[in-house]
Amino acid sequence: MKLYIGGAYQGQEELARRENPGAPVFPDFHETIRREVVKGGLDPRAFAEQFCREHPDAVVAADEVGAGVVPLAAEDRAFREAVGRVLCVIARNAVEVTRCVCGIGVRIK
(Lines give C-alpha, C1' and ligand atoms only; values in the text may rest on other atoms or scores of the structure.)
Protein backbone atom coordinates (compact mmCIF):
# COMPACT_ATOMS: atom_id res chain seq x y z
CA MET A 1 0.00 0.00 0.00
CA LYS A 2 1.14 3.50 -0.81
CA LEU A 3 -0.36 6.80 0.34
CA TYR A 4 -0.16 10.11 -1.54
CA ILE A 5 -1.41 13.19 0.28
CA GLY A 6 -1.43 16.87 -0.46
CA GLY A 7 -3.55 19.98 -0.45
CA ALA A 8 -6.41 20.37 -2.90
CA TYR A 9 -5.28 20.36 -6.52
CA GLN A 10 -1.60 19.72 -5.69
CA GLY A 11 -1.37 16.79 -8.13
CA GLN A 12 -1.22 13.83 -5.75
CA GLU A 13 -3.50 11.66 -7.90
CA GLU A 14 -1.51 12.34 -11.07
CA LEU A 15 1.76 11.65 -9.26
CA ALA A 16 0.36 8.41 -7.82
CA ARG A 17 -0.74 7.21 -11.26
CA ARG A 18 2.56 8.24 -12.87
CA GLU A 19 4.68 6.45 -10.23
CA ASN A 20 2.47 3.33 -10.04
CA PRO A 21 1.33 2.42 -13.56
CA GLY A 22 -1.20 -0.40 -13.53
CA ALA A 23 -1.71 -0.33 -9.75
CA PRO A 24 -5.21 0.11 -8.33
CA VAL A 25 -5.45 3.81 -7.45
CA PHE A 26 -8.12 5.10 -5.07
CA PRO A 27 -8.38 8.82 -5.97
CA ASP A 28 -10.10 11.45 -3.82
CA PHE A 29 -10.03 9.05 -0.88
CA HIS A 30 -11.05 11.87 1.46
CA GLU A 31 -14.44 11.83 -0.31
CA THR A 32 -14.68 8.06 0.19
CA ILE A 33 -14.12 8.71 3.90
CA ARG A 34 -16.85 11.38 3.89
CA ARG A 35 -19.29 8.98 2.25
CA GLU A 36 -18.43 5.77 4.10
CA VAL A 37 -17.37 6.99 7.55
CA VAL A 38 -19.00 10.36 8.19
CA LYS A 39 -22.32 9.83 6.38
CA GLY A 40 -22.30 6.03 6.77
CA GLY A 41 -21.69 6.20 10.52
CA LEU A 42 -18.67 3.86 10.52
CA ASP A 43 -15.84 3.96 13.03
CA PRO A 44 -12.85 5.59 11.26
CA ARG A 45 -10.23 3.20 12.62
CA ALA A 46 -12.32 0.10 11.89
CA PHE A 47 -13.00 1.35 8.36
CA ALA A 48 -9.29 1.97 7.78
CA GLU A 49 -8.18 -1.39 9.18
CA GLN A 50 -10.71 -3.19 6.99
CA PHE A 51 -9.63 -1.20 3.92
CA CYS A 52 -5.98 -2.11 4.55
CA ARG A 53 -6.83 -5.80 4.89
CA GLU A 54 -8.97 -5.82 1.72
CA HIS A 55 -6.62 -3.68 -0.44
CA PRO A 56 -3.01 -4.37 0.58
CA ASP A 57 -1.66 -3.29 -2.83
CA ALA A 58 -3.75 -0.13 -3.12
CA VAL A 59 -2.40 3.29 -3.99
CA VAL A 60 -4.42 5.87 -2.07
CA ALA A 61 -4.55 9.56 -3.05
CA ALA A 62 -6.24 11.99 -0.68
CA ASP A 63 -6.42 15.66 0.11
CA GLU A 64 -5.01 16.88 3.40
CA VAL A 65 -7.95 18.48 5.17
CA GLY A 66 -6.54 18.90 8.68
CA ALA A 67 -4.52 22.05 8.13
CA GLY A 68 -5.88 25.56 8.31
CA VAL A 69 -8.85 27.01 10.12
CA VAL A 70 -10.99 24.70 12.24
CA PRO A 71 -14.40 24.47 10.54
CA LEU A 72 -17.35 26.06 12.31
CA ALA A 73 -19.89 23.38 11.39
CA ALA A 74 -19.87 20.19 13.47
CA GLU A 75 -20.27 18.02 10.36
CA ASP A 76 -17.20 19.61 8.77
CA ARG A 77 -15.17 19.07 11.98
CA ALA A 78 -16.29 15.41 12.04
CA PHE A 79 -15.17 15.03 8.41
CA ARG A 80 -11.79 16.56 9.15
CA GLU A 81 -11.29 14.31 12.19
CA ALA A 82 -12.36 11.17 10.30
CA VAL A 83 -9.97 11.86 7.42
CA GLY A 84 -7.11 12.35 9.86
CA ARG A 85 -7.84 9.17 11.79
CA VAL A 86 -8.28 7.03 8.66
CA LEU A 87 -5.14 8.36 6.97
CA CYS A 88 -3.07 7.74 10.13
CA VAL A 89 -3.99 4.03 9.98
CA ILE A 90 -3.33 3.87 6.25
CA ALA A 91 0.03 5.63 6.68
CA ARG A 92 1.03 3.20 9.42
CA ASN A 93 0.26 0.27 7.09
CA ALA A 94 1.77 1.84 3.95
CA VAL A 95 5.24 1.02 2.66
CA GLU A 96 5.52 4.56 1.29
CA VAL A 97 3.87 7.86 2.15
CA THR A 98 4.39 10.78 -0.22
CA ARG A 99 3.37 14.38 0.30
CA CYS A 100 2.71 16.21 -2.95
CA VAL A 101 3.20 19.95 -3.39
CA CYS A 102 2.85 21.55 -6.83
CA GLY A 103 3.00 18.09 -8.41
CA ILE A 104 6.32 17.28 -6.73
CA GLY A 105 6.44 14.33 -4.36
CA VAL A 106 8.37 14.33 -1.10
CA ARG A 107 8.71 10.95 0.59
CA ILE A 108 7.87 11.22 4.25
CA LYS A 109 7.92 7.47 4.87
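Select Cys102 in the loop between S4 and S5; helices (H or I, at least four residues) and strands (E, at least two) are DSSP runs, numbered from the N terminus. The model is predicted: local features need pLDDT of at least 70, side-chain atom pairs count only at pLDDT 80 or more, and totals for chains, interfaces and linings use all residues. Residues are numbered from 1 along each chain as its sequence is written, and side-chain values use heavy atoms, with hydrogens and water left out.

Cys102 has a phi near 55°, a positive value in a residue other than glycine. With 65% relative accessibility, Cys102 counts as exposed (buried means under 20% relative accessible area, exposed over 50%, partly exposed in between; 1.4 Å probe, protein chains only).

Now display helix H1 (residues 12-19), where Gln12, Leu15 and Ala16 are buried. Viewed down the axis of H1, these buried residues fall within an arc of 100°, so they line one face of the helix; the arc is that of the directions from the helix axis to the C-beta atoms. Their cover includes strands S1 (2-6), S3 (59-63), S4 (96-101) and S5 (104-107), contact meaning heavy atoms within 4.5 Å.

Finish at helices H3 (residues 44-54) and H4 (residues 74-93). Among the residues that meet there are Phe47 and Phe51 in H3, and Val86 and Ile90 in H4.

Notes
Axes fitted to C-alpha atoms, helices over the stretch in contact; angles between N-to-C directions.
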